[in-house]
Amino acid sequence: MYICSFNVQQSLDFKIDMKPKKLDSHIKPDNDITVDKYDQVYNQQEEAEIKDLIIQEYDLRQAVNPLICIGSLLSALTPILIYLFAPWNLLIYEEVSVAQLLNILFIKNYIGQKLIGLKWGLEFRIDGSEKWNYQIQDNAGKVSSVDSTFFWTSSFISFFPWGLLTLKNILSLSVFWICANFLCLILGGINLYGFYRCRGEYKRKLQLWQKEMAKQGLNIVGMIMK
């Protein structure tokens with residue numbers, strides 16, 4: 001009889017390493033990941049994108065008429081700066097009113113045509129009715145977004161601050177300045193409303209032109225298919 005024997009302990013002698021492997025130094029598990037943290041990161045990214053967008057909209061390097069863009073802002077700010085910082089005198093009322101009137105005429109007759117290709121006019125008829133006239137330049141369809149942003153910013157500056165100043169003087173019962181502020185507010189409001197209507201008229205005519213071109217295109221296709 002042959003007896004075979006082997007060392008079971010020796011054949012099964014191996015080690016199991018239960019220690020976790022060491023991660024690389026640049027990999028750090030985050031144990032504090034929460035929904036609030038993700039929301040915070042998302043909001044920061046969104047705010048950064050909005051800031052970048054605003055910077056792009058006011059980037060004068062991308063403007064077609066950078067000097068006119070600067071001039072539009074200076075024109076809109078001049079009446080407000082005179083009102084806030086000019087030394088008080090008996091002619092300050094006239095200075096602010098004239099500065100606002102010149103600002104509106106400058107924006108209406110020059111800035112609007114150069115930056116967005118639009119101009120408005122208002123006629124009063126004998127019967128008391130009014131007629132709005134709109135002029136659309138050839139460059140209206142090729143307006144730079146930067147030029148447009150500067151134009152509408154100037155138009156808003158020519159209107160909204162005067163509304164706040166009018167309200168302030170009404171609450172403080174400053175009768176001397178109420179009339180001047182209200183006059184500047186009316187001038188800025190008419191200008192803003194005029195360009196708003198002019199832009200609406202331009203969009204309406206553009207839609208009609210697009211429909212007419214599409215109709216002509218279909219007619220041509222129909223003639224070819226016959």
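Setting aside neighbours within four places in sequence, Ser 75 touches Asn 103 and Phe 106, where contact means heavy atoms within 4.5 Å. Ser 75 sits in helix H3. It is buried, because its relative accessible area is 12%; buried means under 20%, exposed over 50%, and partly exposed in between, with a 1.4 Å probe and protein chains only.

Before going on, a word on what this is. This is a predicted model, in which local features need pLDDT of at least 70 and side-chain atom pairs count only at pLDDT 80 or more, while totals for chains, interfaces and linings use all residues. Residues are numbered from 1 along each chain as its sequence is written, and side-chain values use heavy atoms, with hydrogens and water left out.

Now the overall layout. The protein chain has seven helices and two strands, in the order α-α-α-α-β-β-α-α-α along the sequence. Helices here are DSSP runs of H or I with at least four residues, strands are runs of E with at least two, and both are numbered from the N terminus. Of the 226 residues in the chain, 27% are buried. Taking contacts between residues at least 6 apart in sequence, 70% join residues at least 24 apart.

Back to H3, residues 66-85, and its packing on H4. Their axes come within 9 Å and cross at roughly 165°. The axes are lines fitted to C-alpha atoms, for helices over the stretch in contact, and angles run from 0 to 180 degrees between N-to-C directions. H3 is therefore roughly antiparallel to H4; angles over 145 degrees count as roughly antiparallel, under 35 as roughly parallel, 65 to 115 as roughly perpendicular, and the rest as oblique. The contact of H3 with H4 has 13 nonpolar, five polar and two charged residues. Nonpolar covers Ala, Val, Leu, Ile, Met, Phe, Trp, Tyr, Cys and Pro; charged covers Asp, Glu, Lys and Arg; the others, Gly among them, are polar. Among the residues that meet are Ser 75 and Ile 82 in H3, and Glu 95, Asn 103 and Phe 106 in H4.

Glu 95 belongs to H4, residues 92-115. Is Glu 95 buried or partly exposed? Partly exposed, because its relative accessibility is 35%. Beyond four places in sequence, Glu 95 contacts Ile 82 and Asn 89. Its C-alpha atom is 10.0 Å from that of Ala 180, a residue 85 places away along the chain.

Next, H5, residues 145-157. H3 packs on H5 at an angle of about 10°, with the axes 9 Å apart, so the two are roughly parallel. Cys 69 and Ser 72 of H3 are among the residues making this contact, as are Phe 150 and Ile 157 of H5. By class there are seven nonpolar, three polar and one charged.

H4 also packs on H5, with the axes 9 Å apart and an angle of about 155°. H4 is therefore roughly antiparallel to H5. In this contact, Ile 107, Ile 111, Gly 112 and Leu 115 of H4 meet Asp 147, Ser 148, Phe 151, Ser 154 and Ser 155 of H5. The classes here are four nonpolar, four polar and one charged.

Last, the strands. S1, residues 118-124, and S2, residues 130-136, pair in the antiparallel sense over seven bridges; pairing requires at least two bridges found by DSSP. Leu 122 has Trp 132 in S2 as its bridge partner. The hairpin has five residues between its strands, and Gly 128 takes a positive phi near 95°.
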